[in-house]
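Here is a short briefing on one protein structure. Look at the model first, then read the points by topic.

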Amino acid sequence: PMHLSKKRQQDLSHMKREENNAKKRLKDATRHLQDARNQVIAAAGSAKTEEARRIAKIQKAEQTLAQARDQVDPLQESISLSLQKYEQLEPHVDQAKHNVSQVQSQLYAVSKKVKDLKSSSGGNSLAVFGQKCAAMRAKVDSMRRKFRGPVVGPLGAYLKIVEGKEHLAKIAESAIGGGLDRFIVTNDEDRALFMKLRRDVNCSSRECGVNQMHQGPRYKIPPPPLEGIETVASVLSISDDLAFNCLVDMHRIDVKALATSKEESEEKLLIQESSGREFIRGGKVKEVFFLPNGDYWQVKNGNRIMISSEKKLRQSIGVDRTAAIEAAAEEEYALNEELTINKKKEVELLNEYKGYKIQWNKDQRTLRAINQQIEK
């Protein structure tokens, strides 16, 4: 019995050890199972978080895309409007630039005229007859030995108003009809040389023209037809025979009568027959000019025709140098004022014009960036 009891104790001790080991294994297995459960739970939670993040990212992208699309239409409208305004302003900008350039050219010519007048050494400056007259005259004088015959000009330099007839000076100049800047030559060779000199001085086609005439004695012309009526020829004192003959041939100064008013011209020179036909008294008179505006009348086929003057009366013949300078200076001042206004308008238009171009480029860049964002 003692031997069996010991054996049982041993078995019992062995069983307890086995039981302890089993408990330990169960505890370890339980711990491993809990770790596994925790890993499964953690993995499931991580998947849900990743899905939530993906969904949030998609929602944000969709929101950004919607906002981008909302910006496209206003941008395209702004681009179209900027282009339209830019194209509409273009001709106005071009015109503004042309206006500035045109006034600058006029101002240069008038400023040159003022300078020439001020540098003149007395008497009438040739500048009153044309911008290039002084330069052309100097060029002709420097080449005097090259010309075969006389060269007269500018025509206006040989004219003065007869003392006591100053009140008819402007109307006499109007009746001449321009051309006081022209020169006169007497042969083909001199004409060719003169044309070359015109090019050297840079005369335009309208400046310092030339008439070619036969050299001869001064024409004999009749006096005015009636007392109290003048002709252009009787109002002018012309110092050169060629100039005189040119004015008779080209400008008909001997058949253009002058009167102080329309009423005076009709009273003294108009003949009206009972049949209604009309004539000019005095024989050779063909046109009758009168103050205050330089209008004139003529008779053709027994009918009087009235012609209105379109140009403002001016006086350069016999003009005192001081008065000419003052008139040119006033014109220069007015052109400077006009140039200032035109330049200001040009700058305003250019700024607006460039502004639309800058806006157009900016909107185009923004639109390209949005389109790239949408494509992503």
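**Cysteines**

The sulfur of C203 lies 3.9 Å from the closest cysteine sulfur, that of C208, so the two are too far apart for a bond. A disulfide here needs a pair of cysteine sulfur atoms within 2.5 Å. By this rule the count of disulfides is zero.

This is a predicted model, in which local features need pLDDT of at least 70 and side-chain atom pairs count only at pLDDT 80 or more, while totals for chains, interfaces and linings use all residues. Residues are numbered from 1 along each chain as its sequence is written, and side-chain values use heavy atoms, with hydrogens and water left out.

- C203 counts as buried, at 14% relative accessibility.
- C208 also counts as buried, at 1% relative accessibility.
- Buried means under 20% relative accessible area, exposed over 50%, and partly exposed in between (1.4 Å probe, protein chains only).

**Nonpolar cores**

- A nonpolar core is a set of buried Ala, Val, Leu, Ile, Met, Phe, Trp, Tyr and Cys residues joined through side-chain atoms within 4.5 Å.
- The largest core has 61 residues. Its members M136, I176, F194 and L258 touch the most other members.
- What does F194 contact, leaving aside its neighbours within four places in sequence? Its partners are M136, V140, F147, V151, F183, V185, C208, G209 and V210. Contact means heavy atoms within 4.5 Å.
- A second, separate core has 10 residues, including I229, A257, L269 and V288.

**Pockets**

- A pocket is found on a 1 Å grid over the protein atoms alone: it is an open set of points where a 1.4 Å probe fits, with protein on both sides within 12 Å along at least five of seven lines. Lining residues have an atom within 4 Å of a point.
- The largest pocket has a volume of about 1600 Å³. Volume is the space filled by probe spheres set on the points, which are joined across faces, edges and corners.
- Of the 43 residues that line the largest pocket, V128, F129, E173, K311 and R314 are the closest to its centre.
- Helix 8 gives the most to this lining, with five residues. Helices (H or I, at least four residues) and strands (E, at least two) are DSSP runs, numbered from the N terminus.
- The lining of the largest pocket has 16 nonpolar, 13 polar and 14 charged residues. Ala, Val, Leu, Ile, Met, Phe, Trp, Tyr, Cys and Pro count as nonpolar, Asp, Glu, Lys and Arg as charged, and the others, Gly among them, as polar.
- The second largest pocket holds about 160 Å³ of space. Strand 10 gives the most to its lining, with three residues.
- Four nonpolar, one polar and four charged residues make up the lining of the second largest pocket.

**Backbone exceptions**

- Most residues other than glycine have a negative phi, and most peptide bonds are trans.
- A cis peptide bond joins G153 and P154, with omega about -5 degrees. P154 sits in the loop between helix 2 (133-142) and strand 1 (159-161).
- Another cis peptide bond joins L291 and P292, with omega about 10 degrees. P292 is in the loop between strand 9 and strand 10.
- C208 is not a glycine, yet has a positive phi of about 50 degrees. C208 lies in the loop between helix 4 (188-200) and strand 3 (210-212).
- N301 has a positive phi near 55 degrees. Is N301 buried or exposed? N301 is exposed, with a relative accessible area of 72%.
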